[in-house]
Amino acid sequence: MTMLTPRTPAKLAPPGRTRRERKAAELEARTRLVGERLAAAAARPGVEVLQSVDASRNGLTHAEAALRLERHGPNTVAQERAPRWYLQLAKAYRNPFIGVLVFLAAVMYWQDPGDPGVVILAVMVGISGLLRFWQEFRSGRAADALNRLVTTTCAVQRRAGSGSGPTTFEVPMDQVVPGDMVKLAAGDLIPADLRLITSKDLMVGQAALSGESLPVAKADTRTEDLGRPGTDDPVEADNLVLTGTSVTSGTATGVVVATGSGTYFGSMAGALVGERPQTNFDTGVRRVSLLLIRFMLVMVPVVFMINGFTKGDWNEAFLFGIAVAVGLTPEMLPMVVSANLARGAVAMSRHKVVVKRLNAIQNLGAMDVLCTDKTGTLTEDRIVLDRYLDVHGTEDGEVLEYGYLNAHFQTGLRNLMDQAVIDRVNEAEEVVVDARFSMVDEIPFDFARRRMSVVLNRNAIVGDLGRPEHIMITKGAVEEVLDLCTHVTDRTPGASPAEGRGRIELTGRMRAHATRVAEENNRQGLRVLAVATRRITAPRDTYTVADEDGLTLIGFLAFLDPPKADAARALRGLSDKGIAVKVVTGDNDLVAARVCADVGLDVGRVVPGAETDALDEHALRALAARTTVFAKVNPVQKARIVRALQAGGHTVGFLGDGINDAAALRDADVGISVDTAVDIAKESADIILLEKDLTVLEQGVIQGRTTFGNTIKYIKMTASSNFGNVFSVLVASAFIPFQPMLAIMLLVQNLVYDIAQLATPWDRMDEEYLRRPRNWDAKGIGRFMVTIGPVSSVFDISMFLIMWHVFGANSEAHQALFQSGWFIEGLLSQTLIVHMIRTRKIPFVQSRASWPVMVMTVLAVLTGLWLPFSPLAAPLGFTALPAAYFPWLIGVLLAYCTLTQLVKTWYIRRFDSWL
């Protein structure tokens, strides 16, 4: 017995340079092998296929099915499940900064188990991890709930024993085995890869695999038997129906030739589990983290050595060095990032968006290229009758009338195009039609003829003594219907459509002209059907295919999946936000070009997916950069296009809902799907839209940029401020005979400042900032630190001189006064400078912070002023400051804000950036 089971992918895929390349090669190899085997099954006669899977038309016995289920396993594909909660919790703490904070806390505990700094650091670490864990755990449960809404059974023909007759059973889809005979009807999901054995009027929706919006006709015949060339693509094979597709109309019976990971769907799913590739967010956070850790590793030893040599107390120098390390480290970074992302996820949920992975919010804000499918995103995902034309391409109501009669009176299941014709005609006209005509007979659609006919009796009207006659109305593929026509309905030149109509011979010249009209509409991305009639003056009760002859061509019906009304506006909105939209679809090039042009995209040359196969990575990168529309693209090609754009320096989002989108969704920096998508697409996605709407996505982009802006705001404010503080400590340590600030003071100062920064996620961003994509820039953060940080040191040193010379705090006996004075100045300058750095504009005048930030600023300032006068002053080493100190403090802070604004103006002109 021959089964379509794949070999081990590792033996098929050449080893790539990276894990990601190996995964891509594995996916390509799996898909290619399974595709070749399915194409081979499509090319063989049905009898041979049944023999190859050791099956018969009557189906397997229950005993045979049980043995095969045990041998081949359940009919399921590899799926990525959320890890156990405790693994998710552990992963939430996998962060370079958390590692640094844990190390510092351990050292502090080793030095002094009662040090309050240990508790402070432990609380920061705990809250940041728990925030991230809870949001992702909750979102994962919401996504799992969506995945459970699926059909789970199918109709299978089996026998009790070898001598028994066949009986149809409903069995769970995961218990379907190779060799099973599956019965299909309208609305059924295809449970496995099937080779059709019988079929009638079968239409299959396979947009999930191919991206083609219209259902396609399938039959139990081979394409070679119909005189057409075969195909190597199993999706395009006429006699194969594949897992993940569905029946829209008709009936069929097929034999299962592949299940589980051996299916075309399964070949893609197997390579999509395991660790996800690094995204823009992961890379950016790692670079920034390493940058800040490098600063810490350089500055802390320098401070430690200077303090040790100048003060002679190496133990105190070590403790102060640890305090400086804590001060230099943006210890609230994991917590602020998690709070920012969690708040972004909550805000996006109000716009009907489920965020599965928090990091995706920032990636959404950084996204500068969005790759999207066409169906359902740019279009309404429904078929409408766009136009009804005579043979000259002019709108003609008679064509609509005959098309409606054909669709209205057929007795089989109506396909989407029949329904579109009926929807175009109002109910009042339907009542009139039922009165004027009655059904006589029907010649149903079949795959070989590609047309269907109804024969109607024109009911006699009172006073009408005309001879009884029947009328045959045929609707179908243009080429097939034209071959049966001998005449055409035409009108006299210059006459209106309602007059001058005549039946003339369909000459070769007129036939060529009619063909050109149909082809012109095809080139505009429309699906065209021909409508023809025949008047039968010798009526009878039954008619056959032989009667479909001597027809008169009436005209053409043209259908399309119309663009969404708001698609063009949504695309303009994304373009205004600096996002280039590229359409990557499995549909054909003509349809893709038409839809994209209708929604305002600059189409240019449409590149077929097959063209990308011949290109190396460098050539594909250049092609992807200049191409707007890719058509007839398979899953492997979609993923390659995404990776090529990423290699070109872009942050890439991918919006898709089909099986063929899963690999690209996983490889993209942010994978976006919808709640109606197939399970594998939802599992591969980072974000799930409850409405497939680009307008919703635009709101998500704004939220993503706000989240990123507030995160980078905190990093730049804290890193530059901390760097300035440490630089000030370095200067003070070299010239002052005592510690410029006690270690516990430094920790308290950081704690008050960091608590104030918890309001950062609720701050607003300037509109100018939200207009273009934002990305991590470690080099820019380093430049910002060394430029803005020393500005604060200028005024720290000024305060040192004031405390030393004006207030006489120039000996160890008066060090508490010196330390208290610098503590207040340092904390207030750190807190107030937030408002200088948070915007490119003039703070408080052109741009004001949100009320939570304002409230926390006031509380931090009041806390700093209160501590030296509070009951906590003595335990913390503070002393009360004289009233004369505060005018000096105000002058220093005003000068600090003024100089910072001047430096900011210069910095923006020099580097054309701020946040």
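## Helix 19 against helix 26

In helix 19, Arg569, Ala570, Leu571, Gly573 and Leu574 touch Leu694, Thr695 and Glu698 of helix 26. Sorted by class, this contact comes out as four nonpolar, two polar and two charged residues. Keep in mind that we're looking at a predicted model here.

As for the geometry, helix 19 covers residues 567-576 and helix 26 covers residues 694-735, and their axes come within 9 Å, crossing at roughly 20°. Angles under 35 degrees count as roughly parallel, so helix 19 gets that label relative to helix 26. The crossing of this pair is left-handed.

## Helix 27 against helix 29

Now for the other pair. Helix 27 (residues 743-756) and helix 29 (residues 815-837) have axes that come within 10 Å and cross at roughly 25°. That angle also falls under the 35-degree cut-off, so helix 27 and helix 29 are roughly parallel to each other. Helix 27 goes past helix 29 in a right-handed crossing.

Which residues make the contact between helix 27 and helix 29? On the helix 27 side you'll find Met745, Val748, Gln749, Val752 and Tyr753. Helix 29 brings in Gln819, Trp822, Phe823, Gly826, Leu827, Gln830, Thr831 and Val834. Split by class, the contact has eight nonpolar and five polar residues, with no charged ones.

Putting the two pairs side by side: helix 19 and helix 26 cross left-handed, while helix 27 passes helix 29 right-handed. On the charge side, the contact of helix 19 with helix 26 includes two charged residues, whereas that of helix 27 with helix 29 has none.

Conventions:
Residues are numbered from 1 along each chain as its sequence is written. This is a predicted model: local features need pLDDT of at least 70, side-chain atom pairs count only at pLDDT 80 or more; totals for chains, interfaces and linings use all residues. Side-chain values use heavy atoms; hydrogens and water are left out. Axes are lines fitted to C-alpha atoms, for helices over the stretch in contact, and angles run from 0 to 180 degrees between N-to-C directions. Helices (H or I, at least four residues) and strands (E, at least two) are DSSP runs, numbered from the N terminus. Angles under 35 degrees count as roughly parallel, over 145 as roughly antiparallel, 65 to 115 as roughly perpendicular and the rest as oblique. A crossing is left-handed if the near helix is turned anticlockwise from the far one by less than a right angle, and right-handed if clockwise. Contact means heavy atoms within 4.5 Å. Ala, Val, Leu, Ile, Met, Phe, Trp, Tyr, Cys and Pro count as nonpolar, Asp, Glu, Lys and Arg as charged, and the others, Gly among them, as polar.
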